[in-house]
Amino acid sequence: MSSRPLANSELGWLAYDPAPESASLARLAPSYGLFINGTFTDPGAHEQVPTLNPATEATLATVAHAVDEDVDRAVRAARHAYDTVWSVTSGAERAKYLFRIARLIQERSRELAVVETLDNGKPIRESRDVDIPLAAAHFFYYAGWADKLDHAGYGANPRPLGVAGQIIPWNFPLLMAAWKLAPALAAGNTCVLKPAETTPLSALILAEILQQAELPPGVVNIVTGDGATGAALVEHPGVDKIAFTGSTEVGRAIQARLAGRGTHLTLELGGKGANIVFDDAPIDEMIEGIIDGIFFNQGHVCCAGSRLLVQETVADEVLRRLERRVEQLRVGDPLDKNTDVGAINSRAQLTRIEELVAAGESEGATRYSSSCALPEQGYWFAPTVFTDVSQTHRIAREEIFGPVLSVLTFRTPEEAVSKANNTTYGLACGVWSEKGSRTLWVAERLRAGVIWANTYNRFDPTSPFGGVRESGFGREGGRQGLAAYLDV
């Protein structure tokens, strides 16, 4: 680099007074049971597991750990609700429940945003402005489809599958629940939802919302626990459909367990997204797009633009601006409205990030990390950029799932496509160029389920999302998201 980026301590004009949101808005119970057949079970009847605030390591609440018998009760409740209530409820009536759920999410949005930030570690700005509004939008959107399934393009009188088992990750807890529940319910299925072990609280608040909405008992059941709980749900013979979002390793294991059983399956797995920057890209917008692509939600995004491919002629200028922008990111208290990058979700995930960053350094890549001061308590990692990266480096091949960007260069569009496709994943890519013809030429040749042009990490309930190759199969969102829950 021709000049050193300014350190945080030198950027006095970027100083902000603290602007924390109140944690008391969360109104959490000290302990939670399972949500089965429309009611919460007695927390004392199950083993209780603490869920932690990753920013402080303090216990937020204790949550029941569901065992096989609990999963069986939940599936049976879902089956009974499907047979006696939900499958015979008209689409117009199902829509009313979904609209009601969406409105209640909006009414409790401030509370839900605080709960999500406390339990996950993401900045309150992201929970407040992205996660919660999008969760409500998905229920609104699929409420509109519930009475129009005959016109969805899947033939006359499409039928629901039955009982859907849904397993969601910890990076977008409430949003992932909405992605899965809303289309399943609109299509006439009943559900058993298994939240992530480290982030169960927003799903349990959602259970309260389902009670407020007077959703018939058993239509949605929520069982909390670890991987063993998820495995029990996958292996239960009463489940007609499994929808999983998580790691490629676990997704591969689920597919093996379901082989030959006839259970419907969709998988949304990991990624190693390439963000491709051409020499004519609008540089100011592009720098913000790179930042959003990798540091949004601490990089805990399956479609994160974790590989930056920059055309050689502009590489020096892009890196100079990028490092300056990274230095300006505010890392700290997730409840502070000024925070850009929050806490890593768990000790295990922080260890994984540290391992891969160490591998990047040992393999010869050049590391630049923000000079930000990290809090002493909790799980934190400074935003990091690697240059001099080779395609053989682990940081260029493996999903880091953290605030770590690997930068590679290219000379021609053909080389950019070749490097972008040089991965086992295929979830998302971004292309930055002011030439529409070049953007379309590249997009047609990228092997990924989602391709953004001059933007990154843009989501909308009307647009399908999903991957190819080791990033999974099936789509969530849009009209295509209904197909996963219909017999078509």
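What follows looks at cavities and then at salt bridges.

This is a predicted model, so local features need pLDDT of at least 70 and side-chain atom pairs count only at pLDDT 80 or more, while totals for chains, interfaces and linings use all residues. Residues are numbered from 1 along each chain as its sequence is written, and side-chain values use heavy atoms, with hydrogens and water left out.

Let's start with the holes. A cavity here is a set of points, on a 1 Å grid over the protein atoms alone, where a 1.4 Å probe fits but cannot get out; lining residues have an atom within 4 Å of a point. Points are joined across faces, edges and corners, and the volume is the space filled by probe spheres set on them. With that rule, there are 5 cavities of 30 Å³ or more.

The largest cavity holds about 110 Å³ of space. Its lining is made up of 14 residues, and Phe172, Met176, Trp179, Cys302 and Phe459 are the ones nearest the centre. Helix α5 (residues 173–186) supplies the largest share of that lining, with 3 residues. (Helices are DSSP runs of H or I with at least four residues, strands are runs of E with at least two, and both are numbered from the N terminus.)

What is the lining of the largest cavity like, by residue class? It divides into 11 nonpolar, 2 polar and 1 charged.

Next comes the second largest cavity, at about 80 Å³. Among the residues lining it are Val49, Pro50, Thr51, His65, Glu197 and Gly225. Two elements give two or more residues to this lining, β4 (48–52) and β5 (59–64), and β4 gives the most, with 3 residues. Its residues divide into 6 nonpolar, 4 polar and 1 charged.

## Charged pairs

Now for the salt bridges, meaning a side-chain nitrogen of Lys or Arg within 4 Å of a carboxyl oxygen of Asp or Glu. The structure has 29 of them.

| Salt bridge | N to O distance |
|---|---|
| Lys180 and Glu476 | 2.7 Å |
| Arg321 and Asp284 | 2.6 Å |
| Lys419 and Glu415 | 3.3 Å |

How exposed are these side chains? We call a residue buried under 20% relative accessible area, exposed over 50% and partly exposed in between, using a 1.4 Å probe and protein chains only.

Take the salt bridge of Lys180 and Glu476. It links distant parts of the chain, 296 residues apart: Lys180 sits in helix α5, and Glu476 in the loop between β19 (472–473) and α15 (480–483). Lys180 is buried, at 1% relative accessible area, and Glu476 counts as buried too, at 11%.

Arg321 and Asp284 also pair up in a salt bridge. Arg321 belongs to helix α10 (residues 315–328) and Asp284 to helix α9 (residues 283–295), so this pair ties together parts 37 residues apart in sequence. Arg321 is partly exposed at 29%, and Asp284 is partly exposed at 48%.

Lys419 and Glu415 are in one helix, α13 (residues 413–420), and they are separated by about one helical turn because they are 4 residues apart. Lys419 is buried at 15%, whereas Glu415 is partly exposed at 27%.

Finally, a network of salt bridges links Arg27, Arg108, Glu111 and Glu208.

Conventions. On a 1 Å grid over the protein atoms alone, a cavity is a set of points where a 1.4 Å probe fits but cannot get out, and a pocket is an open set with protein on both sides within 12 Å along at least five of seven lines; lining residues have an atom within 4 Å of a point. Ala, Val, Leu, Ile, Met, Phe, Trp, Tyr, Cys and Pro count as nonpolar, Asp, Glu, Lys and Arg as charged, and the others, Gly among them, as polar.
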